[in-house]
Amino acid sequence: MLNLWFTEEWTPECRFSIKIKEHFHTEKSPFQQLDFFDSYEFGKFFTLDGIMMANEKDEFVYHDMISHVALATNPNIKKVLVIGGGDGGTVREITRYSHIEKIDMVEIDERVVRLCQKYLVQTSCKLEDPRVNLYFQDGLKFVEDAKEKSYDLILVDSTDPIGPGEGLFTKKFYTNCFRALSEDGILINQHESPYFDKEAGQMKRAHKRIKDLFPISKVYQFHIPTYPSGHWLFGFASKKYDPIADHKPEEWEKFGLKTKYYNSEIHKASFALPTFVKEMLEES
Ligand code: AAT
């Protein structure tokens, strides 16, 4: 039997490997290297520039946590902007709310979307929902051109701040997000991992920029085996709503959604952070 492994270098001294059945697609787009695999433990997955993006086994953790925390804080969200998220998993979760009117998704690399539509149907299955509008351009430019107060929620489902995702971690980008958000607006963004130095530095920088702009800026955590260290963070920033003081579990439960990771206890608990993470955020 073939002994093929995919390995991601989490640090120069620490690697994560997955035994693969098949490496069935590889190509280079104008933006990045795309690879699709089938594996024993995580099912099908894809990588960009050699970094795990989504796999069939644990994508539910990330997509639940990027989507439902905001909707349980403000259940009246109607207009949503997703930046990145080419696999469609975030859009899939947002389409589950029938009251949501519009979902714009801005993905820099059309090839990610097209290949996920072909190979990762589990995540891409709702990209054809009539409320979804796909734009293939840089998210940085899109929010710069967006009308003032045109979205209630912006979800930044981006790659790490190396390569095409770099601009999505800048002060300019967050400033434009603030402008594009309504008075009720919420911004959820990638905060990377607190564990390894590289990601922790990125987290601190992202947090400082957002904290300086938004009246409310919190961080929440979740556990996902295939991202570096398995301990990952999102930022919750808003103009008005606090994710704990304004949490509306009864209203959210009325939506009747069955979720595999998110629930009302996790909502509260995810904002309780380990001391070393709190200290890092205070330093930022
Ligand atoms: N849903 C989890 C998967 C991702 S994919 C992130 C997407 O962001 C990619 O498809 C990438 O092409 C897109 N992207 C990167 N830069 C930009 C940009 N400037 N504008 C719009 N889209 C962009 C996230 C994985 C997280 C990885 C954690 N290690």
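Q: In which helix is Thr95 found?
A: The structure shown here is a predicted model. In this model, Thr95 belongs to a helix that covers residues 89-95. That helix is α2.

Q: Is Thr95 buried or exposed?
A: A residue counts as buried when its relative accessible area is under 20%. The relative accessibility of Thr95 is 10%. Because this value falls under the cut-off, Thr95 is classed as buried.

Q: The side chain of Thr95 has a polar atom 2.7 Å from the backbone oxygen of which residue?
A: Thr95 lies in helix α2. A polar atom of the Thr95 side chain is placed 2.7 Å from a backbone oxygen. The residue that supplies this backbone oxygen is Arg92.

Q: Which residues is Thr95 in contact with, leaving aside its neighbours within four places in sequence?
A: Contact here requires heavy atoms within 4.5 Å. With the neighbours within four places in sequence left aside, the residues that touch Thr95 are Ile103, Lys126, Asp129, Arg131 and Val132.

Q: Is Thr47 buried or exposed?
A: Thr47 is part of strand β4, which spans residues 43-48. Its relative accessible area is 1%. Since buried means under 20%, Thr47 is buried.

Q: How far apart are the C-alpha atoms of Thr47 and Val106?
A: Along the chain, Thr47 and Val106 are 59 residues apart.

Q: How far apart do the C-alpha centres of domain 1 and domain 2 lie?
A: The domain assignment places residues 4-53 in domain 1 and residues 59-283 in domain 2. In the contact between them, 20 residues come from domain 1 and 19 residues from domain 2. The distance between the C-alpha centres of the two domains is 23 Å.

Q: What area do domain 1 and domain 2 bury between them?
A: Carbon and sulfur atoms account for 70% of the area buried between domain 1 and domain 2. The buried area itself is about 1,900 Å².

Q: How many salt bridges does the rule find across the interface of domain 1 and domain 2?
A: The rule requires a side-chain nitrogen of Lys or Arg within 4 Å of a carboxyl oxygen of Asp or Glu. Across the interface of the two domains, the number of salt bridges found is 1.

Q: Which element gives the largest share of the side of domain 1 that touches domain 2?
A: The elements that give two or more residues to this side are β1, β2, β3, β4 and β5. The largest share is 5 residues, and the element that provides them is β2.

Notes
Residues numbered from 1 in each chain as written. Predicted model: local features only at pLDDT ≥ 70, side-chain atom pairs only at ≥ 80, totals over all residues. Heavy atoms only, no water. Helix = DSSP H or I, 4+ residues; strand = E, 2+ residues; numbered from the N terminus. Buried < 20%, exposed > 50% of the residue type's maximum accessible area, 1.4 Å probe, protein only. Domains from an automatic or database assignment. Buried area = accessible area lost by both parts, 1.4 Å probe. Polar contact = N/O pair within 3.5 Å; in protein donor to acceptor, adjacent residues only side chain to side chain.
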